[in-house]
Amino acid sequence: MFRSALVRSSASAKQSLLRRSFSSGSVPERKVAILGAAGGIGQPLALLMKLNPLVSSLSLYDIANTPGVAADVGHINTRSQVVGYMGDDNLAKALEGADLVIIPAGVPRKPGMTRDDLFNINAGIVKNLCSAIAKYCPHALVNMISNPVNSTVPIAAEIFKKAGMYDEKKLFGVTTLDVVRAKTFYAGKANVPVAEVNVPVIGGHAGVTILPLFSQATPQANLSGDVLTALTKRTQDGGTEVVEAKAGKGSATLSMAYAGALFADACLKGLNGVPDVVECSYVQSTITELPFFASKVRLGKNGVEEVLDLGQLSDFEKEGLEALKPELKSSIEKGVKFANQ
């Protein structure tokens, strides 16, 4: 009885996934490359992208252990063909023909580490990978997961500019995990079904630069100022909460992989012409005085079709917006400076 219930539940989940995905007869061929595919985020992300029916070719790249991950994931009976590539010599093959490149490469955060502590290691990794993207798949959409995202996205932009291949519509900082957390925490306090909740999150992707707009949350709940302040703080500190709970054994790898897969799915739907695909992401932007900013964007065949305005903010959110700007500005400048050294 348990087994048949499980089978029914699995079948219904799969049907639901297929329904949510773009379906109009034939789905276009789409190659997705994951750089850092053998890591803590990369492996569960590879699994989730293998389950996505919009992916026809899954290219897994890392400096070690990728053949094993590819063999494992490749046994799953879904549409995409999987190939694992290992080492610098194979990066070109991993990237050629990619429609979407997802970058979770780099070191994870450990207890006591800030995202800035990650900068010196991850910035160099991102710089090298983006040089290769500019050379081997310059027209691909690029989803940046490697922290600190507030700095790694500007690094990528500068590397693409130097190569003469920069298209601001095709470069995204993945901030979906902030949205996922805001939805989860809000649903818990508002006592509403989490699947029905939506909360835009703006700003950046680290600490105080993360600003959930609970005043725009749906369904709207009448939560007190104290509760909203606590929810905002918990959303901002979500990564630290996981790092501390794992006690030195890792960071938010599983929830990040889930969020990365959600955003990648949205990008693929946009590429395939599905209308009205709107997600929050950290992109080149003119909606504030900062050159990069996270807000709602409409995705389409060229990547970013439109950066949506921030809408009505509460007084608390207006204060938060002004408070985050200096830190975000500093992170952006740090990335630009590194890329141009």
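I call a residue buried under 20% relative accessible area, exposed over 50% and partly exposed in between (1.4 Å probe, protein chains only). The model is predicted, so I noted the limits: local features need pLDDT of at least 70, side-chain atom pairs count only at pLDDT 80 or more, and totals for chains, interfaces and linings use all residues. Residues are numbered from 1 along each chain as its sequence is written, and side-chain values use heavy atoms, with hydrogens and water left out.

Ring pairs. I found four aromatic pairs in the structure (ring centres of Phe, Tyr or six-membered Trp rings within 6.5 Å; planes under 30 degrees apart are stacked, over 60 edge-to-face, the rest tilted). Phenylalanine 119 and phenylalanine 338 have ring centres 5.5 Å apart and planes at 85 degrees, so I logged them as edge-to-face. Phenylalanine 119 is in helix H5 and phenylalanine 338 in helix H11, so this pair ties together parts 219 residues apart in sequence. Helices are DSSP runs (H or I, at least four residues), as are strands (E, at least two), numbered from the N terminus. Phenylalanine 338 is buried at 16% relative accessible area, and phenylalanine 119 is buried at 3%.

Charges. I then checked for a charge over each ring (NZ of Lys or CZ of Arg within 6 Å of the ring centre and within 35 degrees of the ring normal). The charged end of lysine 127 sits over phenylalanine 338, 5.0 Å from the ring centre. Lysine 334 has its charged end over phenylalanine 119, 4.6 Å from the ring centre.
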